[in-house]
Amino acid sequence: MDNDLGPPAGRREWLGLAVLALPTMLTMIDIGVLFLALPALTADLGATATQQLWITDGYGFLIAAFLVTMGTLGDRFGRRRVLLVGAAAFGVLSITAAYAPSPELLIATRALMGIAGATIMPSTLALIMGMFRHPRQRGLAIAVWATALTAGVAMGPILGGVLLQWFWWGSAFLVGVPIMLLLLVTGPALLPDMRHPGPGRLDPVSVVLSLAALLPFVYGFKEVARSGWRPLPVLIALAGLAIGVWFVLRQRRLDNPLLDLRLFRIRAVSGALVLSLLVAAVQGGSGFYVAQYLQLVEELTPLQTGLWLLVPTLALIVGIFVSQGLAQRIRPAQILAAGVLVAAAGMLVLTRVSPASGLLPLLFGFTIVYIGVSPIGPLVGQLVVPAAPPGKAGSAASLQSTSGELGTALGIAILGSVGVAVYRGAVALPAGTPAGSAAGETMAGAVATAQNLPPELASALLDSARSAFAAGLNTAAAICAITFTVLAMVALATLRRVPPTGAAAPGPATAPAAPRERKLSRRGA
């Protein structure tokens with residue numbers, strides 16, 4: 001069987017894997033670094049609460065929206081070519097973001113970075129599948145690729161802390177430039193120019209509809225959280241929902257849909273994707289909040305914040321390894337349900353955090369959350385693709401990546417908006433605070449305003465702002481605890497028949513997949 005799949009991978013393929021792992025790692029580093037840079041760039045650029053959320057999650061929304069599109073373009077024009085074009089654009093845009101003089105330009109640049117970044121994940125994974133044809137080598141290569149994602153989570157806070165300790169906030173965006181340069185220099189020699197033998201047709205209308213549904217809905221939601229139930233934001237959000245319905249109806253009619261809704265009829269696929277989406281949302285939103293809390297409420301430096309965030313990150317890595325061993329003997333539904341209930345307990349701890357409670361309860365609760373969610377990513381990856389029909393494995397893999405990226409962006413947007421609304425309602429501006437100041441809108445604005453006030457007035461303002469920000473964290477954590485509890489029931493209901501990974505024999509969904517991969521690999525070689 002192995003000989004039929006082609007010769008073993010050599011040094012060129014393994015060097016190519018190392019090159020592909022770096023931009024994969026960057027997709028996660030970029031998020032963690034920006035969380036730490038946000039207070040500094042907010043103070044420098046004067047970004048509003050809504051602008052802060054767009055700076056952080058506009059990137060994720062555009063990645064999610066274009067993942068499937070870029071995968072289709074890679075099938076048609078060559079995965080290496082699409083990856084290198086995206087890498088060049090990402091490098092140039094990173095430099096532009098680093099020196100952005102206004103929040104508006106930074107938001108626009110981050111959005112374009114998301115489109116460029118969407119070339120990375122589908123192209124790197126497709127290239128790995130073609131470069132490593134032996135099942136054992138392919139499994140090891142995919143494990144390295146997945147480890148790069150986890151390493152990016154771990155490196156983001158510490159790398160961001162070091163950079164922001166010694167340099168300005170723009171240095172956070174320059175991290176990707178040398179990585180993309182390395183990819184551009186070595187990629188043509190180390191990576192094959194692969195194409196799919198039968199690429200699907202790209203439907204531009206579906207791409208436009210997906211953006212026209214997602215972005216107006218999120219904008220309307222954020223504006224409602226910022227300024228209340230005004231007619232215009234509500235109408236914009238409803239218009240996004242209506243376009244979303246149009247998008248779904250169109251996908252049901254197309255022979256080659258951008259989003260194959262038929263996969264959601266498979267209980268294991270739909271359940272795993274719901275878990276992936278919502279867990280990513282909770283992780284993204286809570287990670288955004290905790291990074292801000294450590295700097296703005298606990299008054300830690302970016303470097304100190306990055307070092308403290310290594311505690312939950314290391315717990316996440318340990319949890320991944322432990323859960324993989326347990327999954328050999330215990331059904332995934334039971335592991336996932338137990339994990340999200342543990343994460344819910346961690347969120348309940350976060351509902352009790354206050355400025356007076358200090359640092360330890362925050363880190364303790366957040367570490368419990370990361371231990372609880374640690375099985376989700378690896379197990380979902382092992383559930384979605386094998387559960388899909390053989391001809392839909394690529395679509396299932398794209399949906400899995402999209403759910404994670406979209407969930408992270410939605411979590412930052414929704415939980416961040418909830419936090420803004422709670423903060424605005426809870427903060428009390430002392431008499432003498434300048435009218436129209438940003439202190440009533442964001443914690444970062446309160447810190448900036450306090451620097452120009454007399455000591456007594458500044459102290460009163462900061463005390464109120466810290467309590468209001470903690471109240472936002474408590475509310476967001478309560479929402480997350482409820483979400484995790486619901487997800488436990490979803491896991492048990494949709495995945496209860498899936499056997500332990502160690503007991504699962506190759507079924508009809510996986511056995512016939514080899515010829516398709518072999519044909520693709522030979523064409524790409």
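## Basis of the description

The structure is a predicted model, and the geometric values given here are to be read as computed from that model.

## Helices α11 and α18

Two packed helices are described by the angle between their axes and the distance between the axes. For helix α11, which spans residues 267-296, and helix α18, which spans residues 455-495, the axes come within 10 Å and cross at roughly 165°. Because angles over 145 degrees count as roughly antiparallel, α11 and α18 are roughly antiparallel to each other.

The crossing in which α11 passes α18 is left-handed. Divided by class, the residues that form the contact of α11 with α18 comprise 21 nonpolar, 5 polar and 2 charged ones.

## Helices α3 and α4

The second pair consists of helix α3, residues 79-98, and helix α4, residues 103-117, whose axes come within 9 Å and cross at roughly 160°. The two helices, α3 and α4, are therefore roughly antiparallel to each other, and α3 passes α4 in a left-handed crossing.

On the α3 side, the contact is made by Gly-86, Ala-89, Phe-90, Leu-93, Ser-94, Thr-96 and Ala-97, while α4 contributes Leu-106, Thr-109, Leu-112, Met-113, Ala-116 and Gly-117. By class, the residues of this contact of α3 with α4 are 8 nonpolar and 5 polar, with no charged residue.

## Ser-206 in helix α9

Ser-206 is found in helix α9, which runs over residues 204-227. With a relative accessibility of 0%, Ser-206 counts as buried, because the cut-off for that class is under 20%.

The side chain of Ser-206 is joined to the side chain of Gln-251 by a polar contact of 2.9 Å.

## Ala-64 in helix α2

Ala-64 lies in helix α2, which covers residues 49-77, and Ala-64 is buried, with a relative accessible area of 6%. Residues up to four places away in sequence not being counted, Ala-64 touches Thr-402, Glu-405 and Leu-406.

The C-alpha atom of Ala-64 is separated by 8.7 Å from that of Gly-407, although these two residues are 343 residues apart along the chain.

Note on methods
Residues numbered from 1 in each chain as written. Predicted model: local features only at pLDDT ≥ 70, side-chain atom pairs only at ≥ 80, totals over all residues. Heavy atoms only, no water. Axes fitted to C-alpha atoms, helices over the stretch in contact; angles between N-to-C directions. Helix = DSSP H or I, 4+ residues; strand = E, 2+ residues; numbered from the N terminus. Parallel < 35°, antiparallel > 145°, perpendicular 65-115°, else oblique. Left-handed = near helix turned anticlockwise from the far one by under 90°. Nonpolar A, V, L, I, M, F, W, Y, C, P; charged D, E, K, R; others polar. Contact = heavy atoms within 4.5 Å. Buried < 20%, exposed > 50% of the residue type's maximum accessible area, 1.4 Å probe, protein only. Polar contact = N/O pair within 3.5 Å; in protein donor to acceptor, adjacent residues only side chain to side chain.
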